[in-house]
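Hi,

Here is the structure I promised to pass on.

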Amino acid sequence: MERTLQQVNTILNLAKLTESDIKKESHVLQFIPQILDSKQVKLLEVNKDTLEYIKSGECLFIKGGEDAHVVVCSNSKTFEFKEAETSNSLLLMPSLNHGKLIEATESRTLKKQEVFGVYHTYYEMRLTKPKLQSLRNALAKYPYKGKNSELSKDAVGLSFTELKNIIQASEEEIINRLEEIPAAKIRGKWRLLDVGFLFGWVSYLDSILREKQLSLEEVTPLNVEDWMGLYDIADVNSKCMSLFMEVDDDSLKWKSAAVSQLFALYLLPELRAFDSKDFFTAWQQSMPVGVTANEEDLNGVALVDYDSTPSLVKYLPEFELPEDINERLDILFRNRTKWTLQAITPYVQPLTDNNLNVAALLTKYARSSNINGVKYYSSKYITQTE
């Protein structure tokens with residue numbers, strides 16, 4: 001039955017409104033015979049920036065599986081993807097003139113407005129920090145141990161397209177992470193550089209410098225590229241330089257912390273725990289010329305247990321810990337009951353997001369105490385150290 005102006009006025013009176021309170025044009029809702037199933041079409045709430053991004057012709061990518069939370073990615077950002085409920089009815093319509101777009105007319109009119117669906121749930125997007133540990137784990141299945149260790153002539157590893165399909169992060173975030181971790185593109189496929197290979201690369205360059213009685217500061221990037229050309233391919237050598245050297249025009253300098261952590265990772269895995277006195281001696285003696293090992297460099301790679309007899313250095317790299325904050329803290333507090341902020345930060349920093357920094361995460365998930373003026377963090381629950 002057609003809706004009339006008289007019926008609309010009756011409804012206005014019931015709502016205690018007058019004709020002067022509304023626009024001249026009133027929309028009459030008509031529900032189509034076969035209303036859309038909410039499983040067929042979903043509603044997604046986006047902010048203004050995301051809307052402009054979509055209107056520009058760009059795409060959003062929904063990523064997730066049975067064992068992972070679903071996320072939405074643009075080309076540069078990752079968003080949480082969650083369902084929300086509303087007590088109001090959300091109506092799906094092909095078009096709708098907002099108040100500002102309705103032309104001013106002398107007489108009142110009615111306009112039919114078809115409704116295609118009624119919803120009480122929708123999806124919302126919240127900017128989040130992607131969990132990129134899966135990127136390293138995926139590449140670890142294809143370790144690169146040097147050109148002389150390659151057994152297959154075929155390319156091995158994962159293409160960037162394959163990484164985009166399996167990693168729950170935006171393209172830009174994946175690229176940035178690939179630059180940070182020891183990964184290189186070899187014959188079109190991405191692979192993780194083996195710790196033993198990296199140790200050998202740094203040690204080989206150090207042996208050349210010792211033989212020539214030079215420090216790294218006295219040579220140029222071209223010198224290093226020339227010498228290491230015999231050791232491996234150019235792309236891998238370039239990646240190793242970016243990982244372990246500070247390059248400033250034609251001058252070079254070792255990244256002491258990065259080199260120290262690499263050598264610790266190489267020395268520790270076989271035993272998992274090392275007598276601290278023996279470890280610190282072997283660690284420093286293995287260092288390239290000009291690099292001094294500091295205990296602080298072990299943060300995020302290993303921990304020193306001074307409570308054991310003898311004291312031990314334990315293998316505990318951040319990238320092998322679970323990404324769930326509770327599970328990660330449980331492991332950390334089982335290995336050491338009390339942590340300073342400086343020591344625990346490398347383990348917690350990767351889990352921070354736009355809303356919670358390291359201190360905020362620890363305040364939420366751990367207990368703090370003050371001992372002799374130093375702040376320590378411990379488990380909220382009783383744990384037994386391993």
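Before the strand partners make sense, one definition: two strands are counted as paired if DSSP finds at least two bridges between them. Also keep in mind that this is a predicted model.

Which residue in E4 is the bridge partner of Ile-62? It's Val-72. Altogether, E3 and strand E4 (residues 68-73) are joined by 4 bridges and run antiparallel, and the hairpin gets from E3 to E4 through 2 residues.

Strand E9 (residues 183-186) and strand E10 (residues 189-193) are antiparallel, with 4 bridges between them. If you want a residue pair to find on screen, Ala-183 stands opposite Leu-192 in E10.

On to side chains. I searched the whole structure for aromatic pairs and got 11. Take Phe-199 and Tyr-266: their ring centres are 3.7 Å apart and the planes are at 5°, so this pair counts as stacked. Phe-199 is in helix H6 (residues 195-211) and Tyr-266 is in helix H9 (residues 256-267), so the pair links distant parts of the chain, 67 residues apart.

Next, charges. Side chains of opposite charge can pair when their charged atoms come close. Counting a Lys or Arg side-chain nitrogen within 4 Å of an Asp or Glu carboxyl oxygen, there are 13 salt bridges. One of them is between Glu-19 and Arg-108, at 3.4 Å from N to O. Glu-19 comes from the loop between helix H1 (5-14) and strand E1 (25-31), while Arg-108 comes from the loop between strand E5 (78-92) and strand E6 (109-115), so this contact ties together parts that are 89 residues apart in sequence.

Last item: where is the negative surface patch? Glu-246, Asp-248, Asp-249 and Asp-250 form it, and of these Asp-248 lies in strand E11 (residues 245-248).

Cheers

Key: Residues are numbered from 1 along each chain as its sequence is written. This is a predicted model: local features need pLDDT of at least 70, side-chain atom pairs count only at pLDDT 80 or more; totals for chains, interfaces and linings use all residues. Side-chain values use heavy atoms; hydrogens and water are left out. Patches are made of residues with over 30% relative accessible area and no salt bridge: like charges are joined within 9 Å, nonpolar side chains (Val, Leu, Ile, Met, Phe, Trp, Tyr) within 5 Å. Accessible areas come from the Shrake-Rupley method with a 1.4 Å probe; for residues, only the protein chains shown count as cover. Lys and Arg count as positive and Asp and Glu as negative; His and the chain ends are not counted. The place of a charge is taken as NZ of Lys, CZ of Arg, CG of Asp or CD of Glu. Rings of Phe, Tyr and Trp (its six-membered ring) pair if their centres lie within 6.5 Å; planes under 30 degrees apart count as stacked, over 60 as edge-to-face and the rest as tilted.
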